[in-house]
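Me: I would like to go through a protein model step by step. Please show it, and then I will ask about its parts.

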Amino acid sequence: MLVCHQCGMRRRYDADAMQAKVGDVCLPSLRLRIAAAEGCEKIGNPYYDRCGLAYDVQAMGLG
Ligand SMILES: [Zn+2]
């Protein structure tokens, strides 16, 4: 599960769906690639008010 507290986005992805959407990139940048792909408006500035999209490991059953 990926959630963004800035824009309220909630997306459930499995690994295959993530790769299909954004390709095989390392996870920190993958997070922002997904935000961009999903239309989050908070990704323009990398240093201020950046998209809060984050992995919710508890919702993914990993935490
Ligand atoms: Zn966002």
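Reply: One term comes before the rest: a salt bridge is a side-chain nitrogen of Lys or Arg within 4 Å of a carboxyl oxygen of Asp or Glu. This is a predicted model, in which local features need pLDDT of at least 70 and side-chain atom pairs count only at pLDDT 80 or more, while totals for chains, interfaces and linings use all residues. Residues are numbered from 1 along each chain as its sequence is written, and side-chain values use heavy atoms, with hydrogens and water left out.

Me: Which side chains meet in a salt bridge?
Reply: The structure holds one salt bridge, with a distance of 2.9 Å from N to O. The pair links distant parts of the chain, 27 residues apart: one partner is in the loop between α2 (27-37) and β3 (54-55), the other in strand β2 (residues 10-11). The two side chains are those of Glu38 and Arg11.

Me: Are Glu38 and Arg11 buried, partly exposed or exposed?
Reply: Buried means under 20% relative accessible area, exposed over 50%, and partly exposed in between (1.4 Å probe, protein chains only). Glu38 has a relative accessible area of 22%, and Arg11 has 29%. Glu38 is therefore partly exposed, and Arg11 is likewise partly exposed.

Me: Which residues coordinate the zinc ion?
Reply: Donors are N, O and S atoms within 2.8 Å of the metal (3.2 Å for Na, K and Ca); water is not among the atoms, so sites may look incomplete. Here the donors are SG atoms at 2.2 to 2.6 Å. Their residues are spaced C-x2-C-x32-C-x10-C in sequence. They are Cys4, Cys7, Cys40 and Cys51.

Me: How far apart in sequence are the parts that Cys7 and Cys51 tie together?
Reply: Cys7 is partly exposed, at 38% relative accessible area, whereas Cys51 is buried, at 4%. Cys7 lies in the loop between β1 (2-3) and β2, and Cys51 in the loop between α2 and β3, so the pair ties together parts separated by 44 residues.

Me: Which residues does Leu32 touch, not counting residues up to four places away in sequence?
Reply: Contact means heavy atoms within 4.5 Å. Leu32 is found in helix α2 and counts as partly exposed, at 22% relative accessibility. With that sequence limit, Leu32 touches Ile43, Arg50 and Cys51.

Me: How far apart in space are Asp56 and Leu2, C-alpha to C-alpha?
Reply: Asp56 lies in the segment after β3. Not counting residues up to four places away in sequence, Asp56 touches Met1 and Val3. Asp56 and Leu2 are 54 residues apart in sequence, and their C-alpha to C-alpha distance is 5.7 Å.

How values were computed: Helix = DSSP H or I, 4+ residues; strand = E, 2+ residues; numbered from the N terminus.
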